[in-house]
Amino acid sequence: MGLVYPVNVARNIARVTASSHFIFPSDIELYPSPHLIPEFLAMIRRNEKKMPKNQPRVFVNSIFEIAANHSLPSTKAELIILMESNTVIPFHKHVCPQCHKIPHSKEWLEAKVKPGMNVLHVGKRIKPFQHWEPIYIGTHQEPLYDERLSWEGRSDKMAQGFKLCLSNYQFHILDNAFLIHRPGIKTKKTLHSAIDKKKIEAQNVLLKKTIFPEIKKLYGARKGCEMF
């Protein structure tokens, strides 16, 4: 029937119906590391008084892909072992590495695994991460996702990242938290069958001709913030 998957509508419905303070607008095909939520909340309780009240922030999870028919790692230590054999790779490594190029990714892998959860690094969505589409834990304070963007059109989180950059958000990279995409490593060849070039072209036009000017008018400009 040619219907598109309204991914940002789903994200926004999940958010506005959530009664919790913290919101995790992840994707249904991204599996969080075990105990992510209780360990995150424990970290917040430990550090709540140290966090500046007036600085907007979100908490970012590192994302990976895993080979088909393989069990998911339950700890960061297991994940790193699987990366050494290329059973696990950074998310979209073969498709769009700049879209999920996360600050301090090398340091994240090399950092000593400690009990609990902490913030490894505080980054910004500026060069060389200006095209980053982070998956994050936030609150009801962040802008809603643009519901005109579909999954099939791609770049559905690009406008969101741009808004957060313009709003001077900090991106707190969590050390022991990660997301694993549904098993099966993506390549340009395997992804080609799922690509609808007409929908991608139409969405790019929408982003450039309509959404980008709207965001600039509403949020202004900030040095280092880019959308394309």
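Q: What makes strand β5 (residues 119–123) and β7 a pair in this predicted model?
A: Two strands pair if DSSP finds at least two bridges between them. Here β5 and β7 are joined in the antiparallel sense over four bridges, so they count as paired. At residue level, His121 has Ile173 in β7 as its bridge partner.

Q: How do you know that strand β3 (residues 57–66) pairs with β7, and in which sense do they run?
A: Seven bridges join β3 to β7, and the cut-off is at least two, so this is a pair as well. The two strands run parallel. Within β7, Leu179 stands opposite Ile63.

Q: Why is strand β2 (residues 30–32) said to pair with β7?
A: Three bridges link β2 and β7, and at least two are needed, so the pairing holds. Its sense is antiparallel.

Q: Why is strand β7 (residues 170–181) called largely enclosed?
A: A residue is buried when its relative accessible area is under 20%. Eleven of the twelve residues of β7 are buried, so the strand is largely enclosed by the rest of the structure.

Q: What makes the space lined by Arg15, Ile23 and Tyr136, among others, a cavity?
A: A 1.4 Å probe fits inside a cavity but cannot get out. The structure holds one cavity of 30 Å³ or more, and about 50 Å³ of space lies in the largest cavity. Strand β6 (residues 136–139) gives the largest share of its lining, three residues. By class, that lining has five nonpolar, three polar and two charged residues.

Q: What makes His92 a lining residue of the largest pocket?
A: A lining residue has an atom within 4 Å of a pocket point. His92 is one of the 41 residues that line the largest pocket, so it has such an atom. Together with Glu133, Arg154, Ser155 and Asp156, His92 lies nearest the centre. The volume of this pocket is about 1000 Å³, and α1 (7–16) gives the most to its lining, with five residues.

Q: How is the lining of the largest pocket divided by class?
A: There are 23 nonpolar, nine polar and nine charged residues.

Q: Which residues lie closest to the centre of the second largest pocket, and what is the volume of that pocket?
A: The second largest pocket has a volume of about 380 Å³. Of its 18 lining residues, His21, Phe22, Met51, Arg57 and Thr139 are the closest to its centre. β6 gives the most to this lining, with three residues.

How values were computed. Residues numbered from 1 in each chain as written. Predicted model: local features only at pLDDT ≥ 70, side-chain atom pairs only at ≥ 80, totals over all residues. Heavy atoms only, no water. Buried < 20%, exposed > 50% of the residue type's maximum accessible area, 1.4 Å probe, protein only. 1 Å grid on protein atoms, 1.4 Å probe; cavity = no way out; pocket = protein on both sides within 12 Å on 5 of 7 lines; lining within 4 Å. Points joined across faces, edges and corners; volume = space filled by probe spheres on them. Nonpolar A, V, L, I, M, F, W, Y, C, P; charged D, E, K, R; others polar.
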